[in-house]
Amino acid sequence: MELAHFPWLTVTILLPITAALFIPFIPDKDGRTIRWYALTVGLIDFVLLVFAFTQGYDISNPDLQLTESYTWVAQLDLKWSVGADGLSMPLILLTGFITTLAILASWPVTLKPRLFYFLMLAMYSGQLGVFAVQDMLLFFFMWELELIPVYLLLSIWGGKKRLYAATKFILYTAGGSLFILVAALAMAFYGDTITFDMGALAAKDYAINFQLLIYAAFLIAYAVKLPIFPLHTWLPDAHGEATAPVHMLLAGILLKMGGYALIRMNVGMLPDAHATFAPVLVIFGIINIIYAALTSFAQRNLKRKIAYSSISHMGFVIIGIASFTNLGLSGAMLQMVSHGLIGASLFFLVGATYDRTHTLILNEMGGVGKKMPKIFAMFTACSLASLALPGMSGFVAELMVFVGFATSDAYSFTFRLIAVLLMAVGVILTPIYLLSMLREIFYGPENRDLVEHEVLVDAEPREVFIIACLLVPIIGFGFYPKLLTQVYDATTLRMTDMLRSKAFAASDTAQPLALMPVLQAPEILE
Amino acid sequence: MESIEAIYEYAWLVPVLPLVGAAIVGTGLISYSQTTSTLRRPAAVFIVSLTGAAMVLSFLLFFSQVQGHETYTRMIEWASAGDFRITMGYTIDHLASLMLVIVTTVAFLVMVYTDGYMAHDPGYVRFYSYLSLFSSSMLGLVISPNLLQVYVFWELVGMCSYLLIGFWYGRKPAADACQKAFVTNRVGDFGLLLGMLALFWATGSFEFEVMGDRLTELVTTGGLTTGLAAIFAILVFLGPVAKSAQFPLHVWLPDAMEGPTPISALIHAATMVAAGVFLVARMFPVFEQLPTVMTVVAWTGAFTAFMGASIAITQNDIKKGLAYSTMSQLGYMVMAMGVGAYGAGLFHLMTHAYFKAMLFLGSGSVIHGMEEVVGHNPALAQDMRLMGGLRKYMPITATTFLIGTLAICGIPPFAGFWSKDEILGSTFEVSPVLWAVGWLTAGITAFYMFRMYFSTFEGEFRGTNKEIQIQLKREQLMAMGASLGPGAMNSKELTLDAEAHDDHGHHSEVPHESPIAMTFPLMALAVPSVLIGLLGTPFANYFEAFIHPPGEAVEALAEAGGAFDWSEFLIMGGSSVGIGLIGITLAVMMYRTRQLDPSAIADRIKPLYQLSKNKWYIDEIYDVVFVQGSRKLAKQVLEIDVRIVDGLVNLAGFVTLVSGEGLKYLENGRAQFYALIVFGAVLGLVLLSGIT
């Protein structure tokens, strides 16, 4: 059998959910067999993904690869069509990687293990599906499908306010996805042909006003997911209540769906509207960066602090998407993968710390570094990664967004100047809240109340292993970013070219993004 | 000749060797912490020998550069997006090879010293791995071929500094200090990042010389106004301002003394803080075109030099005193750069690296000795009021410290004289006012350094005086209370008392000389502190023949060297030695022969005394404006987030709930009905957009 024609993506998407169906029949008394079963399934799926990537995926090709298409419901023209290009592939691999680690991270879960692992595997499928499907309707289904496991995982295994958080999450995202459905249907019925295929939808020529409306609808839906201020308030609640493994998925993968869809649909399918909306995106990105960094600084709850820091980091994704340069878009992609890794590792460590201290309030911690030096070291490493220390992936991503945006010729000099200045304020704010957090947890004299009442044991090998797995790519991409950027470079390059040709062709008379008089970058004489 | 080329090809090993050491030991610490922690000697020997190998390699490169080998650069493509490429690599030129030698020698000696100083510390192995990591980052910094790569390593040395200042993380002051250091440096990096981006935007390059050339071209052709170019350069200069502890971002350096003393010597005196001066040297092609920038640089340096010296006068903590002295000396270097005395600034960087490292290591030796008497309380062991007469007990430390003191005071023929004199001479040619500031500072320097030497090593030993001990403890508690603020009393604070009491075990009545592992580096550093200045004498300046600004012809320098003016040298040198001697005499009268009473003088000029003792109140001002201000702002933003943004959401939820009750009759549960609504909405949307 030829490797290239094997239905890799379908198999990898369906494998976890199919395997999950067998969970009720597995004889298991102490909950140990199931976790090994789930881990094995996750691992096999990840290995398959990596195999498919190395064998069937050509990184120099910007088009969709590993494509499959089967008619599902002929009357609705609904097709099961999957494929991966440079935008999907890194995130698909990230999903396999993080979800498998999240299963390993859920070792201590003892409450209803069957249901828990069932849901984890269901999420595995749903997440892969979102990144791989190439049919708009199917995308919507996958998007919705993955909400249900999250809702249950939040509302059963969450913290004290879990029901409130879960309800808020489901209302927000379901509300948001209604916009996807409406916009998708509108796009499908626009023009002469009725189609849900993403490629065909992108090829359609929409009127500019229609584009603007659809763009706005998509933006609302994805702004909830990403999240973008002011639609972010579900996130601190959901993240504040979730258990560590769910947390890893929420921060590591779910947030990336918003960014992915924003690039795939808003930028890829509605480029003319993107030219109009881009400055708004930049402004929202800046608000995200600064506003969330400040709220994170004031937060006293550890999980919420990190949750807000996620929002802050997503600001760079938004600005990268709106930069109209290949470098910026590339930086946005890198930031998504990088934050997926860093966010997951931080949330895992927060969970590990909570397992020991049984409190998330920073005032009740202090000086635990002496008892838990390994967790201290790992927490420090991951926090430094999060504050974009060079040598780690976050730095490269932010730098690419910075350079990409600063050298973008789509915006006026003044606008860029102010925007870069404000973005750079985030560079100062991030270490303030992350280092204060470290100081309050680990540094200083030991907090006697805590030391006397809680058993503070250091990290076990499983925990060290998980963090090591996450740190290897973080440092790897930080030292040599081409490892990752080359995977999607061809696709982002083509997308930027398309975007620029559309955006600049439409604006012969006036610069659409120039809010202020243009001061062109000086000519360089070679 | 081939072997020489091979050295250049493998020059990347210089930073990589220590990195390998740090990585292996660090991995061991995380994976098998028990085992690794017990393998103290093997881990230390492993790391020290790797650094030694890097040192040998650096010397080979240096000698090859001295013999006139051309600049060697190797680049690889690091990141790319489409046509855009960012390259990284390394470059070995005169400046880089000199810095390699300075960094590796000081790092090597500090590592040897650490074996003695940290012998009883449970974090011995961890300390070595951090040290090694730092050496690696610093070496990477000096061989960086472009501004972007400098920025990368710039942040990495900052991280190592953070980890090492907070090495004793159980101490609250250390915890505060490391965060302060990192954040203050980030403020500088904010400028550096913006400046770097702006220069890249304007010139399309991160390479130093290309940036300089293109910027000049742009300014002359009018593509870019001089003002804008100056702003970009000053933004870049903010980086060095933070890293080299220049006013107004100097506040982190004195606090950084909470780290173990070997760190203070290596990072916060000899190498990392000098990185700022190094960056200015690398950016020289850009800066020298812009007179405004040069003026700003020079004045920042001069002001910092004076300010540091003025604060150092009244410090009682021996390490804090040395820290302000470092700040002051860095000010000299920056001033030299600002007046265009490129060679002189770097010459002072080199001499200062050696004698200041020695002074710090000497102070560490003193503290090590004092701890035997007063216990492991930094507030007691580092306070000069408890010292005195130590020369009797620690002769090697005292002698080397005296050499260092003479060197920093600018007494010929010690190293500091030649470099400082050269700076002052070059400054006089540019601006007599700046020269006067530098000259006055030289006098203050001589005074406070000899005050420090006399209080520590001469007179009677006061370490066993219980009265002073109790008074110092009280001061410490008060300082703690003030920093925590009223109402912050909790169980954490009470540990301070316990800590102070629990180490009465190993007391002896008198301090002892430190072990050979600590005295050997002191003696080794004494040699360059005495002799290295002779490389840069005005009549035979080998140093400047080797180190000169890029683009400047060597012949011009040689000519200038030929026309050496003895009378000018004697006037300039004589005046700076003269004021140094005045300072020393004053110190002798006040702290040795006791003809003048220091406290009486302090009382007479109370406001000035308080200003100096309280470090010009800058920490207090920053605390109110920036620390409290940012906390308040953050709290308000969080309030807004919780009350308004999230409040609206919850209100909406509530309203829906209420109206949902009323809308019940619409919910008939038929899917077709929902589909109809959705379809209607779509139809409306399509129609609407079709019409418009």
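Predicted model: local features only at pLDDT ≥ 70, side-chain atom pairs only at ≥ 80, totals over all residues.
**View 1. Helices H2 and H4 of chain B pack against each other.** Their axes come within 8 Å and cross at roughly 175°. H2(B) and H4(B) are therefore roughly antiparallel, since the angle is over 145 degrees. From H2(B), residues 13–31, the contact draws on B:Leu13, B:Val14, B:Leu17, B:Pro18, B:Gly21, B:Ile24 and B:Val25. From H4(B), residues 40–66, the contributors include B:Phe46, B:Ile47, B:Leu50 and B:Leu61. By class, the contact has 13 nonpolar, two polar and no charged residues.

**View 2. The largest nonpolar core holds 429 residues.** Among the residues that touch the most other members are A:Phe139, A:Tyr222, B:Met283 and B:Phe287. Helix H17 of chain B (residues 342–374) gives the most to this core, with 18 residues. Leaving aside neighbours within four places in sequence, B:Met283 contacts B:Leu147, B:Leu199, B:Phe208, B:Met211 and B:Val236. Another core, of 15 residues, lies apart; B:Ala302, B:Met335, B:Leu424 and B:Ile579 are among them.

**View 3. A:Phe395 and B:Tyr151 form a stacked aromatic pair.** The rings are 5.9 Å apart, centre to centre, with 25° between the planes. A:Phe395 sits in helix H16 of chain A (residues 393–406) and B:Tyr151 in helix H7 of chain B (residues 147–165), so the pair joins two chains. A:Phe395 counts as buried at 5% relative accessibility. B:Tyr151 also counts as buried, at 4%. Over all chains, the count comes to 59 aromatic pairs.

**View 4. One aromatic cluster includes A:Phe376 and B:Tyr169.** A:Phe379, A:Phe442 and A:Tyr443 also belong to this cluster. A:Phe379 and A:Phe442 are also among the residues touching the most other members of the largest nonpolar core.

How values were computed. Residues numbered from 1 in each chain as written. Chains lettered and ligands numbered in written order. Heavy atoms only, no water. Axes fitted to C-alpha atoms, helices over the stretch in contact; angles between N-to-C directions. Helix = DSSP H or I, 4+ residues; strand = E, 2+ residues; numbered from the N terminus. Parallel < 35°, antiparallel > 145°, perpendicular 65-115°, else oblique. Contact = heavy atoms within 4.5 Å. Nonpolar A, V, L, I, M, F, W, Y, C, P; charged D, E, K, R; others polar. Core = buried A, V, L, I, M, F, W, Y, C linked by side-chain atoms within 4.5 Å. Buried < 20%, exposed > 50% of the residue type's maximum accessible area, 1.4 Å probe, protein only. Phe/Tyr/Trp six-rings, centres within 6.5 Å; stacked < 30°, edge-to-face > 60°.
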